[in-house]
Amino acid sequence: MPYTEWTEELSVGVPIMDEEHKKWLGILNEIHDALKTNANAEVMQTIIGRMLEYTIMHLTHEEMYMLHIKYPLFESHREKHNALIRKIELLDSRLKEKSNFRLTIDTVFLLKNWLTNHIMVVDKKYKEYIEALNNVEAE
């Protein structure tokens, strides 16, 4: 059973963003599985590197979408994205630079909470914005 599973409660109502969020959670599950099996540092570096690359790609894509829809909370949303990127960059650099640095289950738990909370609270705000736009257009 995966560490974290996609549920419709996580949906932001934008199919491409939902698919990207599912892949993001999939990488988180890979990190968790690697920890459970005591994967070596090289494996962990590879997965964290993929998490970093995917995070940058997804957040850039999401930001482009928000600019496209003229999302009024874009700047504060982007600041939250940048904070996450910095956290994952720090994990990535620690794994690469310090041979004794190991990820812990607490780290994975914090990532999971950040990702799910970000989707459930912050990303849902642009869902509400889109729904409000659609309601105005329907009137």
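The legends below describe an overall view and several close-up views of one predicted model.

Residues are numbered from 1 along each chain as its sequence is written, and side-chain values use heavy atoms, with hydrogens and water left out. Because the model is predicted, local features need pLDDT of at least 70 and side-chain atom pairs count only at pLDDT 80 or more, while totals for chains, interfaces and linings use all residues.

**Figure 1. Overall view of the protein, with 4 helices and 0 strands.** Helices (H or I, at least four residues) and strands (E, at least two) are DSSP runs, numbered from the N terminus. Along the sequence the pattern reads α-α-α-α. A box of roughly 60 × 30 × 20 Å, taken along the principal axes, holds the C-alpha atoms. Of the 139 residues, 42% are buried; buried means under 20% relative accessible area, exposed over 50%, and partly exposed in between (1.4 Å probe, protein chains only). Among contacts with a separation of 6 or more, 74% are between residues 24 or more positions apart; a contact means heavy atoms within 4.5 Å.

Figure 2. Asn-38 sits in the loop between helix 1 (15–36) and helix 2 (41–68). Most residues other than glycine have a negative phi. With a relative accessibility of 69%, Asn-38 is exposed.

Figure 3. Lys-70 is placed in the loop between helix 2 and helix 3 (74–97). Lys-70 has 65% relative accessibility and counts as exposed.

**Figure 4. Salt bridge between Arg-50 and Glu-30.** A salt bridge is a side-chain nitrogen of Lys or Arg within 4 Å of a carboxyl oxygen of Asp or Glu, and the structure holds 4 of them. Side chains of opposite charge can pair when their charged atoms come close. For Arg-50 and Glu-30 the N to O distance is 2.5 Å. Arg-50 belongs to helix 2 and Glu-30 to helix 1, so the pair ties together parts that are 20 residues apart in sequence. Arg-50 is partly exposed at 34% relative accessibility, and Glu-30 is partly exposed at 32%.

**Figure 5. Salt bridge between Glu-19 and Lys-22 in helix 1.** The side chains meet at 3.1 Å, N to O. The two residues are 3 residues apart, about one turn of the helix. Glu-19 is partly exposed, with a relative accessible area of 38%, and Lys-22 is partly exposed, with 31%.

**Figure 6. Salt bridge between Lys-96 and Asp-92 in helix 3.** The N to O distance is 3.0 Å. Lys-96 and Asp-92 are 4 residues apart, about one turn of the helix. Lys-96 is exposed, with a relative accessible area of 54%, whereas Asp-92 is buried, with 8%.

**Figure 7. Glu-63, a buried residue with no salt bridge.** Glu-63 lies in helix 2. The nearest side chain of opposite charge is Arg-78, 5.0 Å away; Lys and Arg count as positive and Asp and Glu as negative, while His and the chain ends are not counted. Leaving aside residues up to four places away in sequence, Glu-63 touches Phe-74, Arg-78 and His-81.
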